Amino acid sequence: MLDKQGRIVTNDHVVEGTSQIEVTFLDGTTVHAKVVGQDPSSDLAVIQADVNPSLLQPVDLGDSASLVVGQQVFAIGNPFGQMWTMTSGIVSAVGRTIHSGTSSYSIPEVVQTDASINPGNSGGPLLDSEGRVRGN
C-alpha cells in the first residue's frame with residue numbers, strides 16, 4: 001500500500017487489459033480496485049483500492065539510490081498461485097538500464113537482484129532488511 005488513500009503501485013503487465021481488479025489483504029479482506037495510472041514503457045501502474053483508510057498501513061519507501069551491491073533484499077508476492085511468499089537474495093547490481101520490450105524507451109537505474117522472482121511475484125515489492133520498499 002502506497003498511501004492512506006488506497007493507492008498501490010504494481011507492474012503494468014499485471015493489470016494490462018483487465019476490467020476487474022481485486023486486492024486481497026493479509027487478513028483475508030478482499031476489495032475491488034481500479035487502474036488510475038499506467039506507463040507500459042516502464043511497466044508500472046497505480047491502482048486505487050476501494051477500502052476504508054483506517055484499515056490501511058502504507059509501506060515505508062526507501063531510497064533505491066542508496067542500495068549497495070551485496071545488500072540483502074527480500075521479494076514478496078504470490079508466485080505460481082501460492083499466497084504470501086517471500087524470497088531473499090542480494091542486490092547484484094545497481095544503475096542497470098533495461099531496454100523495454102514494448103517500445104524504444106529504456107528503463108534506467110534498475111536494481112538487479114538474485115532474489116527469486118517467479119511468475120506471480122510481478123508487482124510485489126523488493127524490500128530491504130528494515131521492511132522499506134526499494135524496488136518493484
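## About the model

The structure is a predicted model, in which local features need pLDDT of at least 70 and side-chain atom pairs count only at pLDDT 80 or more, while totals for chains, interfaces and linings use all residues. Residues are numbered from 1 along each chain as its sequence is written, and side-chain values use heavy atoms, with hydrogens and water left out.

## Overall fold

In sequence order, the pattern is β-α-β-β-β-β-β-β-β-β.

How does the radius of gyration of the protein chain agree with that of a compact globule? For 136 residues, a compact globule would have a value near 14 Å, and the protein chain has 15 Å, which agrees. This radius is taken over C-alpha atoms, and the globule rule is 2.2 Å times the number of residues to the power 0.38. The C-alpha trace spans about 40 × 35 × 25 Å along its principal axes.

## Surface and contacts

The accessible surface of the protein chain is about 8300 Å², with 51% belonging to carbon and sulfur atoms; such areas come from the Shrake-Rupley method with a 1.4 Å probe, and for residues only the protein chains shown count as cover.

Now for contacts, meaning heavy atoms within 4.5 Å. Among contacts in the protein chain with a separation of 6 or more, 53% are between residues 24 or more positions apart.

## Inside the protein

A nonpolar core is a set of buried Ala, Val, Leu, Ile, Met, Phe, Trp, Tyr and Cys residues joined through side-chain atoms within 4.5 Å. The largest one has 12 residues, including Met-1, Ile-8, Val-23, Val-31 and Ala-49. Strand 2 (21-24), strand 3 and strand 4 each supply at least two residues of this core, and strand 4 gives the largest share, three residues. Leaving aside neighbours within four places in sequence, Ala-49 is in contact with residues including Ile-8, Val-23 and Val-31. A second, separate core has six residues, among them Leu-67, Val-73, Val-91 and Ala-115.

## A closer look at Ser-42

Ser-42 lies in the loop between strand 3 (30-39) and strand 4 (44-49). Is Ser-42 buried or exposed? Ser-42 is buried, because its relative accessible area is 15%. Apart from neighbours within four places in sequence, Ser-42 is in contact with Tyr-105 and Ile-107.

Technical notes
Helix = DSSP H or I, 4+ residues; strand = E, 2+ residues; numbered from the N terminus. Buried < 20%, exposed > 50% of the residue type's maximum accessible area, 1.4 Å probe, protein only.
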